[in-house]
Amino acid sequence: MKNPLDTLWGTVISGLVLTFVLFYIVKFAMQ
Amino acid sequence: MEFLQLGIGRWLHVVAGVMWIGLLYYFNFVQVPALAAAAKDNTGAGITKHVAPRALFWFRWGAVATWVFGAVILGQHFLEAFLFLKPAYYPIGVGAWLGTIMFFNVWVLIWPNQKKILGMVQASDEEKAKSRRIAFLASRTNTMLSIPLLFFMTASGGLFRTAVWG
(Lines give C-alpha, C1' and ligand atoms only; values in the text may rest on other atoms or scores of the structure.)
Protein backbone atom coordinates (compact mmCIF):
# COMPACT_ATOMS: atom_id res chain seq x y z
CA MET A 1 0.00 0.00 0.00
CA LYS A 2 1.23 3.48 -0.85
CA ASN A 3 2.11 5.77 2.06
CA PRO A 4 -0.66 8.44 2.22
CA LEU A 5 1.93 10.99 3.39
CA ASP A 6 3.60 10.82 -0.05
CA THR A 7 0.83 13.00 -1.47
CA LEU A 8 -0.56 16.29 -0.16
CA TRP A 9 -4.16 15.08 -0.42
CA GLY A 10 -3.27 11.88 1.44
CA THR A 11 -1.67 13.99 4.17
CA VAL A 12 -4.67 16.33 4.50
CA ILE A 13 -7.22 13.49 4.50
CA SER A 14 -5.15 11.58 7.10
CA GLY A 15 -5.15 14.73 9.26
CA LEU A 16 -8.93 15.09 8.96
CA VAL A 17 -9.51 11.42 9.83
CA LEU A 18 -7.18 11.75 12.85
CA THR A 19 -9.07 14.89 13.93
CA PHE A 20 -12.43 13.06 13.91
CA VAL A 21 -11.01 10.04 15.74
CA LEU A 22 -9.36 12.17 18.46
CA PHE A 23 -12.46 14.39 18.77
CA TYR A 24 -14.74 11.43 19.53
CA ILE A 25 -12.20 9.86 21.93
CA VAL A 26 -11.91 13.14 23.89
CA LYS A 27 -15.66 13.80 23.78
CA PHE A 28 -16.35 10.28 25.09
CA ALA A 29 -13.66 10.61 27.79
CA MET A 30 -15.08 13.93 29.00
CA GLN A 31 -18.58 12.55 29.58
CA MET B 1 0.42 38.54 36.11
CA GLU B 2 -2.65 36.97 34.51
CA PHE B 3 -2.52 39.59 31.76
CA LEU B 4 1.11 38.67 31.00
CA GLN B 5 0.43 34.93 31.10
CA LEU B 6 -2.94 34.68 29.35
CA GLY B 7 -2.97 37.92 27.36
CA ILE B 8 0.57 38.54 26.15
CA GLY B 9 1.48 34.83 26.43
CA ARG B 10 -1.41 33.69 24.22
CA TRP B 11 -0.74 36.49 21.71
CA LEU B 12 2.94 35.51 21.37
CA HIS B 13 1.98 31.81 21.23
CA VAL B 14 -0.26 32.52 18.23
CA VAL B 15 2.32 34.81 16.53
CA ALA B 16 5.05 32.18 16.90
CA GLY B 17 2.61 29.43 15.88
CA VAL B 18 1.73 31.28 12.66
CA MET B 19 5.46 31.56 11.92
CA TRP B 20 6.04 27.83 12.60
CA ILE B 21 2.99 26.29 10.95
CA GLY B 22 3.02 28.89 8.15
CA LEU B 23 6.53 27.84 7.20
CA LEU B 24 5.59 24.15 7.62
CA TYR B 25 2.81 24.68 5.07
CA TYR B 26 5.22 26.65 2.85
CA PHE B 27 7.62 23.68 2.84
CA ASN B 28 4.91 21.12 2.11
CA PHE B 29 2.59 23.02 -0.21
CA VAL B 30 5.16 25.21 -2.03
CA GLN B 31 8.84 24.33 -1.65
CA VAL B 32 8.71 20.52 -2.04
CA PRO B 33 6.60 20.67 -5.25
CA ALA B 34 8.72 23.62 -6.50
CA LEU B 35 11.98 21.69 -5.98
CA ALA B 36 10.50 18.64 -7.74
CA ALA B 37 9.65 20.84 -10.74
CA ALA B 38 13.04 22.62 -10.56
CA ALA B 39 14.88 19.26 -10.57
CA LYS B 40 13.61 18.70 -14.12
CA ASP B 41 15.36 21.79 -15.53
CA ASN B 42 18.09 22.14 -12.86
CA THR B 43 16.92 25.50 -11.50
CA GLY B 44 16.49 24.67 -7.81
CA ALA B 45 19.93 25.82 -6.58
CA GLY B 46 18.71 29.28 -5.53
CA ILE B 47 15.93 27.81 -3.40
CA THR B 48 18.23 25.40 -1.54
CA LYS B 49 21.01 28.00 -1.17
CA HIS B 50 19.10 31.18 -0.28
CA VAL B 51 15.52 30.33 0.69
CA ALA B 52 15.57 26.99 2.54
CA PRO B 53 18.20 27.88 5.19
CA ARG B 54 16.38 31.12 6.08
CA ALA B 55 12.98 29.42 6.13
CA LEU B 56 14.40 26.62 8.32
CA PHE B 57 15.87 29.15 10.77
CA TRP B 58 12.52 30.85 11.43
CA PHE B 59 10.73 27.48 11.26
CA ARG B 60 12.74 25.77 14.03
CA TRP B 61 12.96 28.81 16.32
CA GLY B 62 9.26 29.51 15.72
CA ALA B 63 8.66 25.97 17.00
CA VAL B 64 10.65 26.74 20.17
CA ALA B 65 8.80 30.00 20.83
CA THR B 66 5.40 28.37 20.16
CA TRP B 67 6.09 25.53 22.61
CA VAL B 68 7.53 27.83 25.30
CA PHE B 69 4.63 30.32 25.15
CA GLY B 70 2.19 27.38 25.09
CA ALA B 71 3.77 26.17 28.33
CA VAL B 72 3.51 29.72 29.73
CA ILE B 73 -0.24 29.80 28.99
CA LEU B 74 -0.77 26.41 30.66
CA GLY B 75 1.25 27.67 33.65
CA GLN B 76 0.13 25.99 36.85
CA HIS B 77 -2.16 23.70 34.80
CA PHE B 78 0.75 22.30 32.75
CA LEU B 79 0.69 18.85 34.39
CA GLU B 80 -3.12 18.69 34.51
CA ALA B 81 -3.09 19.12 30.72
CA PHE B 82 -0.15 16.89 29.87
CA LEU B 83 -1.10 14.09 32.27
CA PHE B 84 -4.87 14.37 31.53
CA LEU B 85 -5.64 14.86 35.23
CA LYS B 86 -8.88 16.84 34.73
CA PRO B 87 -11.50 16.29 31.97
CA ALA B 88 -11.69 20.05 31.28
CA TYR B 89 -8.03 19.91 30.23
CA TYR B 90 -8.37 16.87 27.93
CA PRO B 91 -8.80 18.89 24.70
CA ILE B 92 -5.87 21.23 25.33
CA GLY B 93 -3.88 18.24 26.63
CA VAL B 94 -4.32 16.51 23.27
CA GLY B 95 -3.31 19.74 21.51
CA ALA B 96 -0.28 20.11 23.76
CA TRP B 97 0.83 16.52 23.10
CA LEU B 98 0.40 16.95 19.32
CA GLY B 99 2.45 20.17 19.47
CA THR B 100 5.14 18.46 21.53
CA ILE B 101 5.39 15.53 19.10
CA MET B 102 5.68 18.07 16.25
CA PHE B 103 8.33 20.03 18.17
CA PHE B 104 10.30 16.77 18.61
CA ASN B 105 10.00 16.06 14.87
CA VAL B 106 11.38 19.52 14.02
CA TRP B 107 14.48 19.33 16.23
CA VAL B 108 15.24 15.59 16.18
CA LEU B 109 14.18 14.49 12.69
CA ILE B 110 13.78 17.47 10.33
CA TRP B 111 16.59 19.87 11.25
CA PRO B 112 19.50 17.36 11.68
CA ASN B 113 18.58 15.71 8.37
CA GLN B 114 18.09 19.04 6.57
CA LYS B 115 21.63 20.03 7.61
CA LYS B 116 22.91 16.99 5.68
CA ILE B 117 20.65 17.65 2.67
CA LEU B 118 21.70 21.33 2.45
CA GLY B 119 25.40 20.53 2.87
CA MET B 120 25.79 22.22 6.27
CA VAL B 121 27.03 18.86 7.56
CA GLN B 122 29.21 16.45 5.55
CA ALA B 123 27.23 13.48 4.21
CA SER B 124 27.58 10.91 1.41
CA ASP B 125 25.02 10.77 -1.42
CA GLU B 126 23.54 7.66 0.16
CA GLU B 127 23.20 9.41 3.55
CA LYS B 128 21.66 12.44 1.85
CA ALA B 129 19.06 10.28 0.10
CA LYS B 130 18.16 8.64 3.42
CA SER B 131 18.02 12.04 5.17
CA ARG B 132 15.78 13.42 2.41
CA ARG B 133 13.24 10.65 3.01
CA ILE B 134 13.31 10.98 6.82
CA ALA B 135 12.98 14.80 6.72
CA PHE B 136 10.20 14.55 4.12
CA LEU B 137 8.14 12.05 6.12
CA ALA B 138 8.68 13.96 9.40
CA SER B 139 7.56 17.17 7.68
CA ARG B 140 4.49 15.45 6.17
CA THR B 141 3.71 13.89 9.56
CA ASN B 142 3.76 17.37 11.10
CA THR B 143 1.47 18.69 8.36
CA MET B 144 -0.95 15.84 9.09
CA LEU B 145 -0.74 16.43 12.88
CA SER B 146 -1.21 20.20 12.46
CA ILE B 147 -4.83 19.58 11.39
CA PRO B 148 -6.00 18.01 14.69
CA LEU B 149 -3.54 20.29 16.55
CA LEU B 150 -5.27 23.44 15.30
CA PHE B 151 -8.67 21.87 15.93
CA PHE B 152 -7.85 21.13 19.58
CA MET B 153 -6.16 24.51 20.11
CA THR B 154 -9.26 26.36 18.91
CA ALA B 155 -11.89 23.86 20.10
CA SER B 156 -10.55 23.79 23.67
CA GLY B 157 -11.79 27.35 24.11
CA GLY B 158 -14.97 26.95 22.08
CA LEU B 159 -16.60 23.65 21.22
CA PHE B 160 -15.42 21.68 24.25
CA ARG B 161 -16.01 24.52 26.71
CA THR B 162 -19.59 24.68 25.50
CA ALA B 163 -19.82 20.90 25.78
CA VAL B 164 -18.56 20.93 29.38
CA TRP B 165 -20.03 24.13 30.85
CA GLY B 166 -22.95 24.80 28.52
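The buried residues of helix α1 of chain B are covered by several elements, including α1 (8–30) of chain A and, from chain B, α2 (45–74) and α5 (125–155). Everything here comes from a predicted model, in which local features need pLDDT of at least 70, side-chain atom pairs count only at pLDDT 80 or more, and totals for chains, interfaces and linings use all residues. Residues are numbered from 1 along each chain as its sequence is written, while chains are lettered from A and ligands numbered from 1 in the order in which they are written.

**Helix α1 of chain B**

Helices (H or I, at least four residues) and strands (E, at least two) are DSSP runs, numbered from the N terminus. A residue is buried if 20 or more other C-beta atoms lie within 10 Å of its own, exposed if 12 or fewer, and partly exposed in between; C-beta atoms are placed from the backbone. The buried residues of α1(B) include G9(B), H13(B), W20(B), F27(B) and Q31(B). Just after the helix, N42(B) has a positive phi of about 60 degrees.

**Where the chains meet**

Chain A has one helix and zero strands. Its C-alpha atoms fill a box of roughly 35 × 15 × 5 Å along the principal axes. Of its 31 residues, 13% count as buried.

Two residues are in contact if their C-beta atoms, placed from the backbone, lie within 7 Å. By that rule, 17 residues of chain B are in contact with 14 residues of chain A. The largest share of chain B's side, nine residues, comes from α5(B). That side divides into 12 nonpolar residues, four polar and one charged.

M144(B) is found in α5 of chain B. Why does M144(B) count as buried? Because 24 other C-beta atoms lie within 10 Å. Beyond its neighbours within four places in sequence, M144(B) is in contact with L5(A), T11(A), S14(A), G15(A) and L18(A).

**Confidence**

The predictor gives the complex an ipTM of 0.97 and a pTM of 0.94.

Note on methods:
Ala, Val, Leu, Ile, Met, Phe, Trp, Tyr, Cys and Pro count as nonpolar, Asp, Glu, Lys and Arg as charged, and the others, Gly among them, as polar.
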